[in-house]
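Subject: A structure for you to look at

Hi,

Here is the structure I promised to pass on.

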Amino acid sequence: GSHDFFVIELDEELTDGYVNGVALGVADGELVVASTPDAMRGVLRRMAGSTEPSLASSASFSAVSHLAGGHIFSFTDLGAAARAGNTLVRPLAAEFGVSGLLNELVSSLETAGVIASSTSVTDQGLQSSSVQVVGDANSRVRDLLLNRDPASQDALAFITSDALTVSSGFSNPSGWWAYLNSIVASYPELGIGSLDDLLLMFMGLDLRSSFFNWVGNELTTVTTGIVSTGGIGVASENLLGESLYVLRTSSEEAAQAGLEGFFSMAAMLASSFTSLDGAATGPADSSSENVAGTVVNTIRLTDGVVISYGVTDDFVLVSTDGHSVADALRARAAGNAAPAVISRMLQQVPAGAVNFVVSDNESSLRSLASQTAEQIELVAGLSGGSIDFAALDAATAGVEQYMNFLADRAGGSWSWTIIEGDTVVSESFAEIDW
């Protein structure tokens, strides 16, 4: 059949000439939006039954077509995008002598493959599925993406009673760092030498000894609070929020020494950035305490930025506040169970998952709602204009009421990822009382 569509022309100055117009049309009950009239004509021809090549007939889409039945579906072929970009930037890369680096980038994106996701609304909440079909253009990237052990649950003993979100997974920071370093070393035309030398030269950080020499392949994160907002003229007491990071280590001695050196250097950098003359002002404020048999070190890098860390039983604990490490050690010593919602969500994680995330969305939204007033008042105070305080109070109360309205209907959520051959499969679910 025939279909009409509209073309909305846009002012080139508004888009810097990148977008001239947008085509809009309705066909077979579907709203179609295209960036050009030609693209719109192509869509309409295929909807009318044309046998022209299409996404539906491509091999990349066939591998993920089982997800297309959701209410929201997304599809990205990173390899195709890389090849299209390669055609555009190849002359420029050749001019600057970085064609080899461009080849590496293209092969990495081709290996990252095809990513697709689908989200459906159910009676109980939102169900999402996603897959990443990994290619074989770059063997090192393929190995880093697929060669992943199941996430351990050993670190879950450190979960505290006020946990809002818990994530855990198998990562390979040393492997990814070695890969990036190998790329830099393979292309001397970049003039870098190595990323280790670059950071040491410009920031004085030796990541090899302070991090990569001791870190393992396991990371667990526990979030217990969101970033607090200070009032007008009052600095926030915690700019980084309240998060605990638990990393596996292969050497407690190396981890302790590496963390001491890293945070000492970080404190010196922070003091030089905040001083008027750009010079370091001396050692940062620090303290130590023994908690459940583990020494916990706390260091104040600058106003509103506090870090605590401790090393115990082949685990390294680092927090972005002054109490989460100590709280986690006490929770493990007491054998405390995770919060009820977190524990219930953990039951949905299958054995063999390479990573997972579980959250108490209701508590997270209530925590956010409790700070809504401060955030709105801060923005209003920085606006520079006259303030209608009655209207501000009404707006603040309304937003806080709406956040609590959402919290009343939210529950927990979970997501997990497993590896099946050359495919990374993820599932997630968020409870909602509609």
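Below is what turned up, starting with how to read it.

This is a predicted model, where local features need pLDDT of at least 70, side-chain atom pairs count only at pLDDT 80 or more, and totals for chains, interfaces and linings use all residues. Residues are numbered from 1 along each chain as its sequence is written, and side-chain values use heavy atoms, leaving out hydrogens and water.

Let's start with the sheet. Three strands form an open sheet in the order 1-2-3, with antiparallel pairing (strands are DSSP E runs of at least two residues, helices H or I runs of at least four, numbered from the N terminus; two strands pair if DSSP finds at least two bridges between them). Strand 1 (5-9) and strand 3 (30-34) are the edges, each pairing on one side only. Strand 2 (residues 21-27) pairs with strand 3 over five bridges, and Gly-25 stands opposite Val-32 in strand 3.

Next, the cores. A nonpolar core is a set of buried Ala, Val, Leu, Ile, Met, Phe, Trp, Tyr and Cys residues joined through side-chain atoms within 4.5 Å, with buried meaning under 20% relative accessible area (1.4 Å probe, protein chains only). The largest one has 37 residues, and Phe-158, Val-166, Leu-244, Leu-317 and Val-358 have the most contacts inside it. Helix 11 (residues 324-334) gives the largest share of this core, four residues. There is also a second, separate core of 22 residues, which includes Leu-247 and Tyr-309.

Enjoy exploring!

Terms used: Buried < 20%, exposed > 50% of the residue type's maximum accessible area, 1.4 Å probe, protein only.
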